Amino acid sequence: MDELHELTADLVSIPSHRDETAVGDFIEAWLRDETDAEVLRDESENVVARANSGVGDSLALVGHHDVVPPADRQVTDSGDYVVETRDGRLYGRGASDMKGAVAASMLAFRDAAADASREVAFASFVGEEVGGTGVRAALDAGLELDYAIVAEGSTNYSGPARTDVAVAHRGRRASTLVATGTASHASEPEQGENAVYRACDAVGVVRELTVPDAEVLGHAVSGSVAVTEIDGGSAWNVIPDRCEVTIDERTVPGGYADLSQAESVAGVEWVVGQDLPPMACDDADFADRVLDVSRAVHESRGDETPQQVTKPHATDAGWLAQAGTTCVVYGPSEPGEAHTEDESVSLDVLERCYETYRELVEGW
């Protein structure tokens, strides 16, 4: 699979943490040159290709081509990203999250779309790392997908040497408790209203909240709430009139913690910043179909047997599912690889994912 390795290296080498234009240009040009599909580059710079457009329910292979900022060692003197291959792995910013999966999806779409009897699509979005701005814009502009395999990481979740099928993932809600009070001299604390005390009282409320759980196709998904930052006060001798508490909440399909209870503390306001939706596959037959194909590919390669699992991280699958797309997550990234200074992807696992994507598209 030299072509897959080379395509992955080409994508990884193109900087896309500040501006996704160049890598979007590459993907668009490749699809136009290598396929007969209808290729669209929308105003947000998302790239979508369709074959057999309008014929039956659609199946899409979905990724994103933006990345988080690289470490200094991951950038060449000319500004490109460093790409290295050693010990069966390709190293570079975005190798696992998720340009390797994008490359595997592109090739599978090219190689199998003509054999599908219903509509198949490839989509690579911008802005996933900053809250799903690309997929949200595409959905707002009318993008409709019936089924999707979102190629984010699901490898080695149930054990080594397998790429599992994630049928659900948690969402993330980031919010802030803003406590206000009245400043006074610290020698006369009774003359003021201490915003830090109010914030601490609100934190106490948060610590007692019930965190919801959910079950998706027989698999448990658990939420969490954690206070991660607190900032208040201006000087050692001033009673603070403002204090902010940052909360990280991992949400589950159909459930949130009731953080509004923190507003029962006088002077405390709860403000939601970012709310990335969770994902739950709503079609057991589709999830089983993806698992069956994946297991056949694993068996043919001598790999361990994959399972259906849940995933702790939010992805664009959450936005798609919220809009009515039936999703699973299936991709090469392993836990602990994304966003690191030594980010890498297994070339063998990339081939496994390519074969699974190709078989699913071909049989659609």
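Before the residues, one cut-off: buried means under 20% relative accessible area, exposed means over 50%, and partly exposed is anything in between. Also, please keep in mind that this is a predicted model.

Take A161 as a case for that cut-off. A161 has a relative accessibility of 34%, so the residue counts as partly exposed. You will find A161 in the loop between β7 (147-150) and β8 (165-169).

D87 sits in the loop between β4 (84-86) and β5. Is D87 buried or exposed? With a relative accessible area of 74%, D87 is exposed.

One more backbone item. Which residues does a cis peptide bond join? The bond is the one between D97 and M98, and omega there is about -10°. M98 belongs to helix α3.

Helix α1 covers residues 2-13 and helix α2 covers residues 21-34; their axes are 9 Å apart and the packing angle is about 150°. That angle makes α1 roughly antiparallel to α2, since the cut-off for roughly antiparallel is over 145 degrees. The crossing of these two helices, α1 and α2, is right-handed. On the α1 side the contact is made by L7, D10 and L11, and on the α2 side by V23, F26, I27 and W30. Sorted by class, the α1 contact with α2 holds 6 nonpolar residues, no polar ones and 1 charged one.

The other pair to look at is α3 with helix α8, residues 347-362. Here the angle is about 35° and the axes are 8 Å apart. The crossing of α3 and α8 is right-handed. From α3, the contact takes in G100, A101, A104, S105, L107, A108, D111 and A112; from α8, it takes in L350, Y354, Y357, R358, V361 and E362. By class, the contact of α3 with α8 has 9 nonpolar, 2 polar and 3 charged residues.

Past the end of α8 is G363, in the segment after that helix. G363 has 46% relative accessibility and therefore counts as partly exposed. Where does P189 lie relative to G363? The two are 174 residues apart in sequence, and their C-alpha atoms are 72 Å apart in space.

On to charged pairs. How many salt bridges are there? The count comes to 25, and I will go through a few of them.

E34 pairs with R110, with 3.2 Å between the closest N and O atoms. E34 itself is partly exposed, at 38% relative accessibility.

R86 forms a salt bridge with E84, and the closest N and O atoms are 2.8 Å apart. R86 is partly exposed at 36% relative accessible area, and E84 is partly exposed at 39%.

Then E343 and R93, whose side chains meet in a salt bridge at 2.5 Å, N to O. This pair links distant parts of the chain, 250 residues apart: E343 is in the loop between β19 (326-329) and β20 (344-346), while R93 is in the loop between β5 (89-91) and α3. Both E343 and R93 are buried. There is also a network: R301, D303, D348, E351, R352 and E355 are joined into one by salt bridges that share partners.

Last stop, A262. A262 is placed in the loop between β15 (242-251) and β16 (268-276). Its relative accessible area is 1%, so A262 is buried. What is A262 in contact with, leaving aside neighbours within four places in sequence? The contacts are L177, A202, V205, V206 and V268. Of these, take V205: A262 and V205 are 57 residues apart in sequence, and 5.7 Å apart in space from C-alpha to C-alpha.

That is what I have for today. Comments are welcome.

Methods. Residues numbered from 1 in each chain as written. Predicted model: local features only at pLDDT ≥ 70, side-chain atom pairs only at ≥ 80, totals over all residues. Heavy atoms only, no water. Axes fitted to C-alpha atoms, helices over the stretch in contact; angles between N-to-C directions. Helix = DSSP H or I, 4+ residues; strand = E, 2+ residues; numbered from the N terminus. Parallel < 35°, antiparallel > 145°, perpendicular 65-115°, else oblique. Left-handed = near helix turned anticlockwise from the far one by under 90°. Contact = heavy atoms within 4.5 Å. Nonpolar A, V, L, I, M, F, W, Y, C, P; charged D, E, K, R; others polar. Salt bridge = Lys/Arg side-chain N within 4 Å of Asp/Glu carboxyl O. Buried < 20%, exposed > 50% of the residue type's maximum accessible area, 1.4 Å probe, protein only.
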